[in-house]
Amino acid sequence: MKNYLILLLLIVLMGCQTKTTVENSSQKYKADWESLKQHKTPEWFKDAKFGIYFHWGVYSYMGKGEWYSRQMYEDKDTGWNHWLREHHLDTYGDSVHYHDFIPKFTAEHFDASDWAELFKKSGAQFAGPVAEHCDNFSNWDSKVNKYNTVNYGPKRDLVGELEKAIKSQDLKFVTTFHHSWEWGWYNRWSGLIDTSDVEFDEFYGEWTAPETFDSFRGGHAASGQFKGKVNPKYAPSRKFANTWKEKIYEVVDKYQPDLLWFDSRVFLLPEKDRQEMVAHYYNKGLEWNKDIVLTYKNEDLEKGVGVLDLEKGRFDEKTDFPWLTDDSYAWHGWSWREDLNLKTPDVIIDELIDISSKNGCLLLNITPTHDGIIPQEQRDGLLEIGKWLETNGEAVFNTRPFVTYGEGVTQLKKNHFGGVQGFGITYQPEDFRFTQNGTNLYISQLALPAAGKEYLLKSFAKDGLAGTFKIANINLLGSQEEIKWRQSDIGLFITAPQKMPNDKTIVYKVKLK
């Protein structure tokens, strides 16, 4: 009996110890930068390379950009986009406020399964919505924020529907947050916003001194300028900081995103709140037994805590750390509008290749309409990208940077946001990018070559960065044509095929000795 009791006690103690170990393991990360830096970027993200997200909300109805909710209240003579205030007055009148547009965001034609199937066919490996932009309208079934798509507008849980559909396609699920901008987004001090409607009074956010938001008017550039420092005189309130966190926790806990993405101005939040938010997500990843990714911009978090995101930008050299570019299908614009000037699939493919060669990934934004339609031109373009990736994707997916990202005559400007400015750049046939998977090296020629012309890659010269690599064989993806090549002390000579396997970018598969 005594031995039995001792055995029983040991079992109980072991159970307690196991429980404590599980509890501790699910709370590995503490709310401090040093602890959070221990989180490693998962291999799936380094392999994935290509994802899709979308600015889709109330602002999609007006078709004048995702900043409409703020700019419709700016001074029509001195505002940043002063023309928009004038447009609003001429089109809708001064009695129409932003919340009056909410019923217009119907999503009546939205089919999450159709969208997810399109993303899969495009070759994207991760996808998801803007969970909340800067307008305090949540695209999920929120108990934290009553202004959401279940209570108003579509009367549907858009994030929830997308989560199920995207994960069912075996894609990683993304949610993006821009709501740090909500502090001072609506300039209530101007007198232009009527908050007498009790139902929507809280919708227009926390009152902020006009000089405060004006100092951040540059937005992205200003985020870098302030380097995470906030004038305490104009800091967000404790209520704002709590709500900011609670919205994120709600989405994390309810939808378990694989990638959590943040727009700039997160530095406005107190350091401890930022640390607690990251720790919550990372510990949830442990609880779910799932590898997760969190991204940030500028210096909003300490370096190494997550993956750095460059808006519309990229590095001009390869890096020793993984990073992300978020860019839009449109040259200028993130949400639907009639006058969008779209990139060609070829431009996006070249961008994806260039980013991949430098240890980055691309998150591409598309622009659905307010009623839930992905415009046909963008659908067709995504399918073209997917078709190219079917044949050439092995040069992108599961690859890592080579000893050098590539070579060529076209140089990108070194710019945190730019890298590529204006309407982009025009690559030449002499521009090559390199990626590697084991003994397979992929050489992508970013502009179609002249048929039968010989090109020299100096990286493989005796004294070049890749001079020590010897080549066994070269073939062309998507082609049966024999490729002529030779390697000498001055580099690698490759003769272009007589017939191109596609009309965008051709990829040579090189077998290294």
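1. Strands here are DSSP runs of E with at least two residues, helices are runs of H or I with at least four, and both are numbered from the N terminus. Two strands count as paired if DSSP finds at least two bridges between them.

2. A closer look at one pairing: β14 and β15 (residues 491-495) run antiparallel and are joined by four bridges. Ser488 has Gly491 in β15 as its bridge partner.

3. A word on conventions. Residues are numbered from 1 along each chain as its sequence is written, and side-chain values use heavy atoms, leaving out hydrogens and water. Because the model is predicted, local features need pLDDT of at least 70 and side-chain atom pairs count only at pLDDT 80 or more, while totals for chains, interfaces and linings use all residues.

4. How many disulfides does a search of the whole structure find? The search returns zero, a disulfide being a pair of cysteine sulfur atoms within 2.5 Å. As for individual cysteines, Cys134 is buried at 3% relative accessible area, and Cys361 is buried at 2%. (Buried is under 20% relative accessible area, exposed is over 50%, and partly exposed is in between, with a 1.4 Å probe and protein chains only.)

5. On to charged pairs. Side chains of opposite charge can pair when their charged atoms come close. The count of salt bridges is 35, each being a side-chain nitrogen of Lys or Arg within 4 Å of a carboxyl oxygen of Asp or Glu. One of them links Glu163 and Lys167, at 2.9 Å from N to O. These two residues are four apart in helix α8 (residues 158-168), so about one helical turn separates them. Glu163 is buried at 13%, whereas Lys167 is partly exposed at 27%.

6. The pair Glu311 and Lys297 forms a salt bridge at 2.5 Å, N to O. Glu311 belongs to strand β6 (residues 307-311) and Lys297 to strand β5 (residues 293-297), so this pair ties together parts 14 residues apart in sequence. Glu311 is buried at 11% relative accessibility, and Lys297 is buried at 1%.

7. Lys504 and Asp503 also meet in a salt bridge, at 3.0 Å from N to O. Here Lys504 is buried at 10%, but Asp503 is exposed at 54%. Elsewhere, salt bridges with shared partners connect Asp263, Lys297, Asp309, Glu311 and Asp326 in one network.

8. Finally, the nonpolar cores, meaning sets of buried Ala, Val, Leu, Ile, Met, Phe, Trp, Tyr and Cys residues joined through side-chain atoms within 4.5 Å. The largest has 119 residues, of which Phe50, Tyr98 and Phe119 touch the most other members. Helix α11 (residues 238-255) gives the most to this core, with seven residues. Leaving aside residues up to four places away in sequence, Phe50 has contacts (heavy atoms within 4.5 Å) that include Phe126, Leu352, Ile385 and Phe397. A second, separate core has 20 residues, among them Ile483, Ala496, Tyr508 and Val510.
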